[in-house]
Amino acid sequence: MNETLPVVYLARHGETAWSLSGQHTGLTDLPLTDRGERNARKLGEQLRGRSFASVLTSPLRRASRTCELAGFGAKADIDRDLLEWNYGQYEGRRTAEIHADRPDWQLFRDGCPGGESPAEVGARADRVVDRVRAVKGDVLIFSSGHFLRVLTARWLGLEPQAGKCFLLSTASLSALSYEHDLSQPVIQLWNDLHHLMHH
């Protein structure tokens, strides 16, 4: 009964111009900045030597390029369920600008006009959870911040809006796993950035 429980590693893509400026980047396919590319390589060093039964990436360039620079491009499968939240009319806007129109707006509770609701993002996350739980062995996922936060909430059996509680930095590494058995999903590692601190 003491088989090692699988771990799902979550890599958020490296920096883009909009992650730096705080603009909501959903389906806009931005490239990484130079620093984003450097940090993606450092993320790869952090993952070196681990083996994964499956590697999945969002088709968006910021995630797939992070995957490639981290050294997993050849092994990765593209999964459209890993796309970032579709922000609809809020694409490219900063939270402060949205609050000027809608002071009480919260992404994880309200979703976006012309874009996705938390329930719709949650449904995509549930498909990813099912896919990952069917894999025997560890999995590595490259995606975007808000989607990964909803994925984590759903992994834990929480509502999609609980994603608001999990802060995620660019080029960070996190890990989802289990305590005792598959009925007890947990966060094992969260928003680890120490690979970015040293050279």
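Let us begin with E5, which is mostly covered: six of its six residues are buried. Here, buried means under 20% relative accessible area, with exposed meaning over 50% and partly exposed in between, using a 1.4 Å probe and protein chains only. Strands (E, at least two residues) and helices (H or I, at least four) are DSSP runs numbered from the N terminus. The model is predicted, so local features need pLDDT of at least 70 and side-chain atom pairs count only at pLDDT 80 or more, while totals for chains, interfaces and linings use all residues. Residues are numbered from 1 along each chain as its sequence is written, and side-chain values use heavy atoms, leaving out hydrogens and water.

In a regular strand the side chains alternate between the two faces of the sheet. On E5, Leu173, Ala175 and Ser177 point one way, Ser174, Leu176 and Tyr178 point the other way, and all are buried.

Now look at the partners of E5. Strands count as paired if DSSP finds at least two bridges between them. E1 and E5 pair in the antiparallel sense over four bridges, and Leu10 stands opposite Ser174 in E5. Strand E6 (residues 185-192) is also antiparallel to E5, joined to it by five bridges; Leu189 in E6 is the bridge partner of Ala175. E5 and E6 form a hairpin with six residues between them, and His180 in the turn has a positive phi of about 20 degrees.

Stepping back, the protein has eight helices and six strands. From the N terminus on, they run β-α-α-β-α-β-α-α-α-β-α-β-β-α. Along its principal axes, the C-alpha trace spans about 55 × 40 × 25 Å. Buried residues make up 49% of the 199 residues. Of the contacts (heavy atoms within 4.5 Å) with a separation of 6 or more, 66% are between residues 24 or more positions apart.

What lies inside? In soluble globular proteins, nonpolar side chains tend to be buried together. A nonpolar core here is a set of buried Ala, Val, Leu, Ile, Met, Phe, Trp, Tyr and Cys residues joined through side-chain atoms within 4.5 Å. The largest such core has 27 residues, of which Val8, Trp85, Val132, Ile141 and Leu151 touch the most other members. At least two residues of this core come from each of strand E1 (8-12), helix H5 (107-110), helix H6 (118-133), strand E4 (139-143), H7 and E5. Leaving aside neighbours within four places in sequence, Val8 is in contact with Val132, Val139, Ile141, Trp155, Ser174, Ala175 and Leu176. A second, separate core of 15 residues includes Ala11, Leu47, Ala63 and Ala70.

Ser172 is found in the loop between helix H7 (145-155) and strand E5 (173-178). Ser172 is buried because its relative accessible area is 1%. Not counting residues up to four places away in sequence, Ser172 touches Leu10, Ala11, Arg12, Leu43, Asn191, Asp192, Leu193 and His195.

Ser144 sits in the loop between E4 and H7. With a relative accessible area of 0%, Ser144 is buried too. Setting aside residues up to four places away in sequence, Ser144 touches Arg12, His13, Arg62 and Glu84. Ser144 and Thr33 are 111 residues apart in sequence and 15 Å apart in space, C-alpha to C-alpha.
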